[in-house]
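Okay, thanks for coming, everyone. Let me put today's structure up on the screen.

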Amino acid sequence: MDDEIVLRPAWRSQWLTILLLVILISGYNFFYNPGAQLVLSILIFFLFFKILARRYGRSYMIGPKGVEVNIGIFYRDMTRIEYRHIRGVNLRQSLFNRFMSIGQILVSTSGMDTELIISDINRPVYFTEIIKNRLKGLS
């Protein structure tokens with residue numbers, strides 16, 4: 001099981017923004033004022049772009065040699081931690097996140113106190129176990 005696993009933030013982690021977008025789109029025809037429709041159109045476009053940027057602007061890779069986070073659409077910020085440098089793998093989930101089956105994985109190293117955060121992914125418990133198993137296989 002040393003395959004490369006690529007993850008992205010879950011759609012359901014953005015449920016509130018998606019709900020707001022659906023409400024705004026469904027209420028668009030109730031505004032007869034062209035100025036209000038223009039403002040609403042800009043807001044709809046902004047929310048739509050925000051949803052897509054959050055989903056496709058982040059990717060996480062659990063590879064055979066380490067864990068990597070790539071952030072950005074117009075710029076690129078890549079952080080990679082090799083398994084030999086990892087000192088701790090923790091899971092962060094609220095009660096609501098447990099219900100939605102999403103969460104964050106916190107990967108920490110010693111020395112630099114670097115913390116890599118894999119956020120808003122599906123099945124975080126499963127992927128935390130994968131990282132921990134790969135750490136055990138290293139030692």
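I'll talk through a helix, then a sheet, then some aromatic pairs.

Quick housekeeping: this is a predicted model, so local features need pLDDT of at least 70 and side-chain atom pairs count only at pLDDT 80 or more, while totals for chains, interfaces and linings use all residues. Residues are numbered from 1 along each chain as its sequence is written, and side-chain values use heavy atoms, with hydrogens and water left out.

Let's start with helix α2, residues 34-56. Helices here are DSSP runs of H or I with at least four residues, strands are runs of E with at least two, and the numbering goes from the N terminus. α2 has 23 residues and spans 32 Å from first C-alpha to last, close to the expected 33 Å; that expectation is 1.5 Å times one less than the number of residues. At its N-terminal end sits a cap: a side-chain oxygen of Asn33 is 3.0 Å from the backbone nitrogen of Gly35. For that sort of polar contact we want N or O atoms within 3.5 Å, one able to donate a hydrogen and the other to accept it, and residues adjacent in sequence count only if both atoms are side-chain atoms.

Which residues of α2 are buried? They're Leu40, Ile44, Leu47, Ile51 and Arg55, where buried is under 20% relative accessible area, exposed is over 50%, and partly exposed is in between, using a 1.4 Å probe and protein chains only. An α-helix has 3.6 residues a turn, so residues three or four places apart point the same way. The cover over those buried residues includes α1 and β2, with contact meaning heavy atoms within 4.5 Å.

Now the sheet. It's open, three strands ordered β5-β6-β7, with antiparallel pairing; strands pair if DSSP finds at least two bridges between them. β5 and β7 are at the edges with a single partner strand each, so one side of each has no neighbour in the sheet. β5 and β6 pair over six bridges, and Val89 stands opposite Val107.

Last, the aromatics: there are four pairs, counted when ring centres lie within 6.5 Å, with planes under 30 degrees apart called stacked, over 60 edge-to-face, and the rest tilted; for Trp we take the six-membered ring. Trp11 and Tyr56 have centres 6.1 Å apart and planes at 75°, so they're edge-to-face. Phe49 and Phe74 are at 6.4 Å and 20°, so that pair is stacked. Phe74 is exposed at 73%, whereas Phe49 is partly exposed at 39%.
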